[in-house]
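Subject: Structure for your review

Dear colleague,

Please find below the structure that I am handing over to you. My findings follow it, grouped by topic.

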Amino acid sequence: MTADLDPFVHPALFYRGTHEYLQATLPFIRGGLTAGEPVAVAVPERNLRLLRTQLGEAASEVHLVDMTKAGRNPGRIIPGVLRAFADRHADRRVRIIGEPIWPGRSVTEYPACVQHEALINLAFPGRAVTILCPYDVEGLDPEIVKDAEMTHPVVIDSAGLRLSDAYAPERVIHDHNRPLPDPRDAATLSFGDSALMHLRDFVAGHASDAGLSGERLEDLRLIASELAANSLDHGGGHGVLRIWAENGQVVMDVSDAGHITDPLAGRRPVDPRQRGSRGLLVTNLLSDLVRVHTGEGGTTVRVYFTI
């Protein structure tokens, strides 16, 4: 007797140039439409325009997403893009093209990107979902392409389809769970039960002085409150918040004595009727970037907001 095959499929596509990109992605999209499978394409705007043009009228049948916006924070992609689409069509197999790593991603963003690719494998087992992840091997660092072999069980390149001998998503998640560098000049606030109102005002004042305003300022205040509440509930009852400006961004982190043991924490869509904390999910959905370091010695959640 043989074990049932997992219906979830997660190949990496290594492409060189427009021709190879279209040669792989167009049949994937058209094949899904022909089979009556819902299809989503979440790729950078340049490739989105390319596919929209090539698909012609069929583009109206595809859910098109600019990944540079929807996936600017990699932690938002699973709940806000992939699960959001797949869950709307839970009764059928769906096909998704997701390109979360493109030339121009910063060194600060990349660890969150590669962790995201590894976590997809934990988020969809047993689901009738195919997620094809293109990689521009001419524009990306070779080390990024090597990492893709570790985060995808199957690779498609100019030679065809093959199993990845390097596949090891849990190792990728572990290896990129590294301590975050300390800021050079941060305003710091230690907090406990009685300090939440002061904490929100503290964050708003420093972020406003750095140039953050309007809805984005309110989003940061909300995240500060949610992360601090998590520290009070799960991180030993107290924590430390730091906030500073760097490279045109307001950066804030919250550290406490807690340990996040669920690698998908903050990446599962939550029913609004369900009780319980949604702090990490809210943080992922609203931030431009989220970085996390967690272990038995404590947890730091760092968020970035572009000014």
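How close do the axes of α9 and α10 come, and at roughly what angle do they cross? In this predicted model, the two axes come within 9 Å, and the crossing angle is roughly 155°. Since an angle over 145 degrees counts as roughly antiparallel, α9 is therefore roughly antiparallel to α10. The crossing of α9 past α10 is left-handed.

The axes of α4 (residues 77-88) and α5 come within 12 Å and cross at roughly 55°. These two helices are therefore oblique to each other, and their crossing is right-handed.

Along its course, α5 bends by about 25° at Glu 117. As 13 of the 14 residues of α5 are buried, the helix is largely enclosed by the rest of the structure.

I turn next to the charged side chains. The structure holds 19 salt bridges, and Arg 216 takes part in the two described here, one with Asp 219 and one with Asp 288.

In the bridge between Arg 216 and Asp 219, the closest N and O atoms are 3.1 Å apart. Both residues belong to helix α9 (residues 214-234), where they are 3 residues apart, about one turn of the helix. Arg 216 is partly exposed, with a relative accessible area of 25%, whereas Asp 219 has 11% relative accessibility and counts as buried.

The bridge from Arg 216 to Asp 288 also has its closest N and O atoms 3.1 Å apart. This pair links distant parts of the chain, the two residues being 72 residues apart. Arg 216 lies in helix α9, while Asp 288 is in the loop between α10 (279-286) and β11 (289-295). Asp 288 counts as buried, at 15% relative accessibility.

Another salt bridge joins Glu 149 and Arg 162, with the closest N and O atoms 2.8 Å apart. Glu 149 lies in helix α6 (residues 142-151) and Arg 162 in strand β7 (residues 160-163), so the pair ties together parts that are 13 residues apart in sequence. Why does Glu 149 count as buried? Its relative accessibility is 17%, and buried means under 20%. Arg 162, at 31% relative accessibility, counts as partly exposed.

Salt bridges also form a network, in which Asp 182, Arg 242, Asp 253 and Arg 302 are linked.

Finally, I would draw your attention to a glycine. Where is Gly 139 found? Gly 139 sits in the loop between β5 (129-136) and α6, and with 41% relative accessibility this residue counts as partly exposed. Its C-alpha atom is separated by 7.8 Å from that of Trp 102, although Gly 139 and Trp 102 are 37 residues apart along the chain.

Yours sincerely

Key. Residues numbered from 1 in each chain as written. Predicted model: local features only at pLDDT ≥ 70, side-chain atom pairs only at ≥ 80, totals over all residues. Heavy atoms only, no water. Salt bridge = Lys/Arg side-chain N within 4 Å of Asp/Glu carboxyl O. Helix = DSSP H or I, 4+ residues; strand = E, 2+ residues; numbered from the N terminus. Buried < 20%, exposed > 50% of the residue type's maximum accessible area, 1.4 Å probe, protein only. Bend = angle between axes of the 7 residues up to and from the residue. Axes fitted to C-alpha atoms, helices over the stretch in contact; angles between N-to-C directions. Parallel < 35°, antiparallel > 145°, perpendicular 65-115°, else oblique. Left-handed = near helix turned anticlockwise from the far one by under 90°.
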